[in-house]
Amino acid sequence: MSNSTPSTANGNDSKKFKGDRSPCAPSRVLHVRKIPIEVTEAEIISLGVPFGKVTNLLMLKGKNQAFIEMASEEAAITMVNYYTTATPHLRNQPVFIQYSNHRELKTDNLPNQARAQAALQAVNAVHSGNMTLSSSASASDGTLMPGQSPVLRIIVENLFYPVSLEVLHQIFSKFGTVLKIITFTKNNQFQALLQYADPMNAHHAKLTLDGQNIYNACCTLRVEFSKLTSLNVKYNNDKSRDFTRLDLPSGDGQPTLDPAMAAAFGTTDWGTLQMSCFLGAPGIISSPYAGAAGFAPAIGFPQAAGLSMQTVPGALGPLTIPASAVAGRMAMHGMAPAAVHLVLLVSNLNPDSISPHGLFILFGVYGDVHRVKILFNKKENALIQMADATQAQLAMSHLNGQRLHGKVIRVTISRHQTVQLPREGQEDQGLTKDFSNSPLHRFKKPGSKNFQNIFPPSATLHLSNIPPSITDDNLKDLFAGTGYTVKAFKFFQKDRKMALIQLGSVEEAIQALIDLHNHDLGENHHLRVSFSKSTI
């Protein structure tokens, strides 16, 4: 490694991972942490191969760490972006990847590098196309045909339960790195295009999944190779996603297929999929059975942590499969229960402005918040315990990267399983609050319409529970008087209990929601505020 010995370099990087650290600038050298002791060189290299050529490797097994050098910085950036969204696993253990503060690996004079170099040559040879393929082989033999596409076309038949982009990602990522997904409705069928990093992954997924039911006796997968060799995703939303490009806009209301792709499939019906599904953690779908107010335990897929199902507005009420039914309804093999993560770590908060109540209101848009703890000695950080893992994933996916009190907040899954309340007599300064029995929980009532109206933060807010005596001027004055810029306002034509108000920015709308949700409007009416998918 340039400018230092590997042990010194590793020490420099390792120290920066303790506590908060400023992320390194992009580099083609990546630092891999928490690798299992028994992991092989080839397994480490396989993390990078889908994104480009791996040019060097340094294993530090004694420290459960490794360094990977990619051929280009662009490949490293794509790799980090992808694994930020989908935590990679080796030997069923999560590993963590971040840019190193070094620009290249120099390992020529180091001992024990022969195995690493041999593994590099072998893996790169296979993935650069030097593996001999039989020209007479067919897909039915289980052998990859030369020129087969990394893009699969997926049709879900007998769609009795909702299937979302994330459900597909959870299932298909078991076979390799999924780079892009586009979902659409054609001929009243839910369909998707899914691009792997490697055609071999697509081949194995097709062989295994074609004809399988996602759930017992329904949601049958029909999988075939697409004529397309790559997908052009313009927007990251509930219908399309490029897991290598976190910077894409959501593009609300825009078609997800570009004209060239649409032409490959003829005329596509862009109507909304008429089904309502929960936003959820990997592998969870919600339930119509009476009494199933909660969510089933998370079903974990090794390469796909940290995702959330997106709401699709539609005709059916929320569906929840009870915990007892999950095992029988998952027809796929190899799906092991994952740890249930209820607690979020929120960092880069503004310590002068934040409060447990404010975090409770904001995160309560995406789930029922049970406890909030602002860290006593590090007040820019907070722990938030949600009612279940589904809601934690949902809050993380929508609030990570948003601006709050002038700072871009970061939301991640915490290693803590619960938020501990302070012991009696322990100094806390009111930084820990228990909201378990709060009347302001939006999702405690099974079948609530709130489940169908969960949207990302936006500059337009949806207002409801407005009493008849309140006018548009009253509401505009309320927001303007609290310090917000009101750009537009309108009551719903058919129901004046509801209205939309557009503020100056998304950040303003987030703060206004915190300040004015549950504001007393008189006549025993408290204002309800949520984010809207509509604009005025």
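Me: Why is Phe491 called buried?

Reply: Its relative accessible area is 14%, and buried means under 20%, exposed over 50% and partly exposed in between, with a 1.4 Å probe and protein chains only. Phe491 is therefore buried.

Me: What kind of model do these values come from?

Reply: The model is predicted, so local features need pLDDT of at least 70 and side-chain atom pairs pLDDT 80 or more, while totals for chains, interfaces and linings use all residues. Residues are numbered from 1 along each chain as its sequence is written, and side-chain values use heavy atoms, without hydrogens and water.

Me: How do you know whether Phe360 and Phe435 are buried or exposed?

Reply: Phe360 has a relative accessible area of 4%, so it is buried. Phe435, at 12%, is buried because that value too is under the limit of 20%.

Me: Why is the pair of Phe489 and Phe491 called edge-to-face?

Reply: The ring centres of Phe489 and Phe491 are 5.2 Å apart and the planes are at 90°, so the pair is edge-to-face. Phe489 has a relative accessible area of 15% and is buried.

Me: What makes Arg496 a charge over the ring of Phe491?

Reply: The charged end of Arg496 is 3.9 Å from the centre of the Phe491 ring. The rule asks for NZ of Lys or CZ of Arg within 6 Å of the ring centre and within 35 degrees of the ring normal. Lys379 also sits over a ring, that of Phe376, with its charged end 5.0 Å from the centre.

Me: Why is H9 called roughly perpendicular to H12?

Reply: H9 and helix H12 (residues 506-516) pack at about 110°, with their axes 9 Å apart. Roughly parallel is under 35 degrees, roughly antiparallel over 145, roughly perpendicular 65 to 115 and oblique the rest, so H9 is roughly perpendicular to H12. The contact (heavy atoms within 4.5 Å) is made by Gly358, Ile361 and Leu362 of H9 and Ile510, Leu513 and Ile514 of H12.

Me: How do you know that Lys34 counts as exposed and Asn465 as partly exposed?

Reply: Lys34 has 53% relative accessibility, so it counts as exposed. Asn465, at 30%, counts as partly exposed. Lys34 is in the loop between strand S1 (29-33) and helix H2 (41-48), and its phi is near 60°. Asn465 has a positive phi of about 65° although it is not a glycine.

Me: What makes helix H5 (residues 165-172) mostly covered?

Reply: In H5, 8 of its 8 residues are buried, including Glu166, His169 and Gln170. In the protein chain, buried residues make up 52% of the 536 residues.

Key: Phe/Tyr/Trp six-rings, centres within 6.5 Å; stacked < 30°, edge-to-face > 60°. Axes fitted to C-alpha atoms, helices over the stretch in contact; angles between N-to-C directions. Helix = DSSP H or I, 4+ residues; strand = E, 2+ residues; numbered from the N terminus.
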